[in-house]
Amino acid sequence: MKLLPLSPNGQTPVRALTIAGTDSGGGAGIQADSRTMALCGVHACVAVAAVTVQNTLGVSGFHEIPPEIVAGQVRTVVGDIGIGAAKTGMLASTAIIEAVAQVCREVGIGRDGGIPLVVDPVAASMHGDPLLHAEALDALRHTLIPLATLVTPNLDEVRLLTGIEVVDEVTARKAAEALHALGAQWAIVKGGHLRTSEMSTDLLFDGDTFHELPAPRLATGNDHGGGDTLAAATTCALAHGYSVPDAVAFAKEWTFRCLEASYDLGAGHGPVSPLWRLHTGPQ
């Protein structure tokens with residue numbers, strides 16, 4: 001695959017920001033975002049929104065960071081370091097979502113602010129453990145998603161946000177239209193969890209045109225962090241100036257390679273792995 005360009009040693013690389021929760025097991029969340037960004041050659045800045053207690057078997061608890069501290073991390077990083085794109089992940093509560101939306105508008109992050117924003121509306125872990133208070137769904141719908149350059153829910157999150165159960169291409173298109181109607185510039189409906197299909201086809205929509213991004217379905221249970229990885233890789237490509245369709249196409253291929261390289265870890269679901277990048281030659 002064509003990789004993102006690497007900066008020469010000693011030269012400041014492209015920067016990106018992730019606003020999300022931690023994963024103590026290292027497979028998803030800020031850990032997955034930072035790992036993907038680093039192996040894409042991007043300097044990862046972070047704003048921690050929550051700290052989870054989790055391993056490969058699930059999430060047993062989480063602690064929210066005070067909203068003003070979350071916003072302060074964003075403001076401080078953007079003001080000093082500067083970023084080319086940002087993404088959100090687990091934001092946990094209405095108060096944190098509102099604080100993040102406010103600071104993003106303040107510093108120019110979002111579809112109308114000049115710095116692209118990928119909103120990964122994390123609501124639950126892959127095990128079904130809640131990572132977002134139920135009442136915060138409205139804040140996602142009406143406060144954060146309208147700022148998004150791209151919104152990247154999984155199928156469970158699509159159902160929570162739109163009420164649409166995606167079971168085939170027709171319902172995937174309806175879901176993409178409903179997500180776009182919430183205010184995102186682009187919406188993607190990912191096919192990775194649609195187990196009835198032999199292909200994993202993602203559907204990208206900008207309010208006018210549907211773009212299909214197919215890939216073979218890989219038979220692995222080690223897919224922890226796949227959604228975070230796709231969103232983070234997209235963010236990296238956007239930081240490099242890619243268009244949304246080109247950024248998502250890059251991220252789709254990147255994530256497929258990470259799924260191919262996934263490994264066993266603990267007693268549950270192992271992580272997708274961008275470590276394959278270390279085995280490739282100079283680009």
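What follows is a short chat about a few helices, residues and a surface patch.

Mentor: Two things before we start. This is a predicted model, where local features need pLDDT of at least 70, side-chain atom pairs count only at pLDDT 80 or more, and totals for chains, interfaces and linings use all residues. Residues are numbered from 1 along each chain as its sequence is written, and side-chain values use heavy atoms, with hydrogens and water left out.

Trainee: How far does helix H8 reach from its first C-alpha to its last?
Mentor: Helices (H or I, at least four residues) and strands (E, at least two) are DSSP runs, numbered from the N terminus. H8 covers residues 244-260, which makes 17 residues. The expected span is 1.5 Å times one less than the number of residues. For H8 that gives 24 Å, and the model's reach is close to it, at 24 Å.

Trainee: Which residue caps the N-terminal end of H8?
Mentor: Look for a side-chain oxygen 3.3 Å from the backbone nitrogen of Asp 246. The residue that supplies this oxygen is Ser 243.

Trainee: Which helices are included in what covers the buried residues of H8?
Mentor: Buried means under 20% relative accessible area, exposed over 50%, and partly exposed in between (1.4 Å probe, protein chains only). Among the buried residues of H8 are Phe 250, Trp 254 and Phe 256. Their cover includes strands E6 (150-151), E7 (186-189), E8 (202-205) and E9 (210-213). The helices included are H1 (29-39) and H7 (226-239).

Trainee: What do the buried residues of H1 pack against?
Mentor: The buried residues here include Ile 30, Met 37 and Leu 39. Their partners are the strands E1, E2 and E4 (85-88), along with the helices H7 and H8.

Trainee: Is Gln 54 buried or exposed?
Mentor: Gln 54 sits in strand E2, residues 43-55. Beyond its neighbours within four places in sequence, Gln 54 is in contact (heavy atoms within 4.5 Å) with Thr 22, Asp 23, Ser 24, Gly 25, Val 59 and His 224. Its relative accessibility is 12%, so Gln 54 counts as buried.

Trainee: Which residues make the nonpolar surface patch of about 340 Å²?
Mentor: One member is Tyr 263, in the segment after H8, and Tyr 263 counts as partly exposed because its relative accessibility is 32%. Leu 275 is also found in the segment after H8, and leaving aside neighbours within four places in sequence, Leu 275 is in contact with Leu 39 and Tyr 263. The patch is made by Tyr 263, Leu 265, Leu 275 and Leu 278.

Trainee: How far apart in space are Ser 7 and Thr 18, C-alpha to C-alpha?
Mentor: Ser 7 lies in the segment before strand E1 (15-21). Ser 7 is in contact with Thr 12, Pro 13 and Val 14, its neighbours within four places in sequence left aside. Thr 18 is eleven residues away from Ser 7 in sequence, and the distance in space is 20 Å.

Trainee: What phi does Ala 92 have?
Mentor: Most residues other than glycine have a negative phi. Ala 92 is in the loop between E4 and helix H3 (94-107), and Ala 92 is buried because its relative accessible area is 0%. Although it is not a glycine, Ala 92 has a positive phi of about 75 degrees.

How values were computed: Polar contact = N/O pair within 3.5 Å; in protein donor to acceptor, adjacent residues only side chain to side chain. Patch = residues over 30% accessible without salt bridge, like charges linked within 9 Å, V, L, I, M, F, W, Y side chains within 5 Å. Areas by Shrake-Rupley, 256 points an atom, 1.4 Å probe, with all protein chains shown as cover. Salt bridge = Lys/Arg side-chain N within 4 Å of Asp/Glu carboxyl O.
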